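Here is a short briefing on a sheet, the helices against it and some aromatic contacts. Have a look at the model first, then read on.

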Amino acid sequence: MDSITHIVLGACIGDAVFSKKIGKKGMLIGAIAQSFPDSDVMGTLWLSLPENLYFHRGITHSFFFGFLMSFLLAYITQKIFRKQALSFQKLVIFFCLQMWLHDILDTCNSYGTGLLEPFSHQRFSFNLLFVADPFFTIPLIVAAIALLVLKTKSPARKNWIIAGLILPCFYLIYSVSNKDFVDEEVSKSLTEQKINIAGFITTPTPFNTWLWYIMVPTDSGVYIGYRSVYDAKNYVTPFAFYPKNEQLLASRENSKDVIILKKFADSIYTIEKNNDSLIFNIPRFGRIAGWDKNPTMFNFQFYLNDGFDNTLVIQRGRAKELDRHIFTRMYYRIRGIGKD
């Protein structure tokens, strides 16, 4: 999830646990605890971009890391608040559970999270939420603001914490229900179109849980489609095929960047040539306004040209063409196709 979500979620939990002893400072402790796994951003200081992409959400997002760091953070916190005599055991449990919650939430989107590092390099993605979903985060933001404004002893603080935490949980359950429905309909569409697959992936399009992006990987490429929860049940989801074009990597297959990118992509990628540029696409991050335009580029485009600046390799695609007109057309797409 995005940093804002982790910060406000941690702040609400921190206030619930520590407000009686240290007041609103508990919110700060909670925000730090919930954000600590993202300390891997420091990897940008010494890693190449492909290495950093793979390093992110790796070891620092593992259960093992959370368990170890909880003792260090508990020790530091206890020293800072020694006059309040905070329980070391309680601090360890608090920090550990906060970081584990961060890790689990990050598995809800498509990036991939190394929960079992360093014992297993498997990345987990359950594709339930877009990386930034306002419907999930806004209740937490409102609750955190209320906690900052209200007096420490105000009885209303408890109600704001409960509301701030429960509403996102209900939204997550609702998203699971939507995903189950879309998966069932996509499976029917693939069967009807006789597309032979080993499996498929559905993940929400930006900022909602009603319009879903569908990725169907094969050995030779990937099928891409979109499905709204409001599409008619008899609507057959159309798919466009994007070839893998592995042959375009013939001169670069031993490149360190390419080897790491293939690992980061979990071997689901496409290669394309645009004029003099060779582009490595990772389809799981979606396509630029793909529900609205066809053809269009993938969000994740890593240019393999020497000297090309790939700093915004993911954000570049996500931000491109996003304006009110795109969201207006997204709204109409969400409303569904194939209805009488």
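Two strands pair if DSSP finds at least two bridges between them. Helices (H or I, at least four residues) and strands (E, at least two) are DSSP runs, numbered from the N terminus. With that in hand, four strands form an open, antiparallel sheet in the order β1-β2-β3-β4.

This is a predicted model: local features need pLDDT of at least 70, side-chain atom pairs count only at pLDDT 80 or more, and totals for chains, interfaces and linings use all residues. Residues are numbered from 1 along each chain as its sequence is written, and side-chain values use heavy atoms, leaving out hydrogens and water.

**The sheet**
- β1 (201–204) and β4 (240–243) are the edge strands, each pairing on one side only.
- Seven bridges hold antiparallel β2 (residues 211–217) and β3 (residues 221–228) together, and I214 has G225 in β3 as its bridge partner.

**Helices on the sheet**
- Helix α7 (residues 156–192) packs on the sheet and touches β1, β2 and β3; contact means heavy atoms within 4.5 Å.

**Aromatic rings**
- The structure holds 24 aromatic pairs, where rings of Phe, Tyr and Trp (its six-membered ring) pair if their centres lie within 6.5 Å; planes under 30 degrees apart count as stacked, over 60 as edge-to-face and the rest as tilted.
- F71 and F88 form a tilted pair, 6.4 Å centre to centre with 45 degrees between the planes.
- F71 sits in helix α4 (residues 63–80) and F88 in helix α5 (residues 88–106), 17 residues apart.
- Ring pairs also link Y111, F264, F285 and F300 into a cluster.

Definitions and conventions:
Axes are lines fitted to C-alpha atoms, for helices over the stretch in contact, and angles run from 0 to 180 degrees between N-to-C directions.
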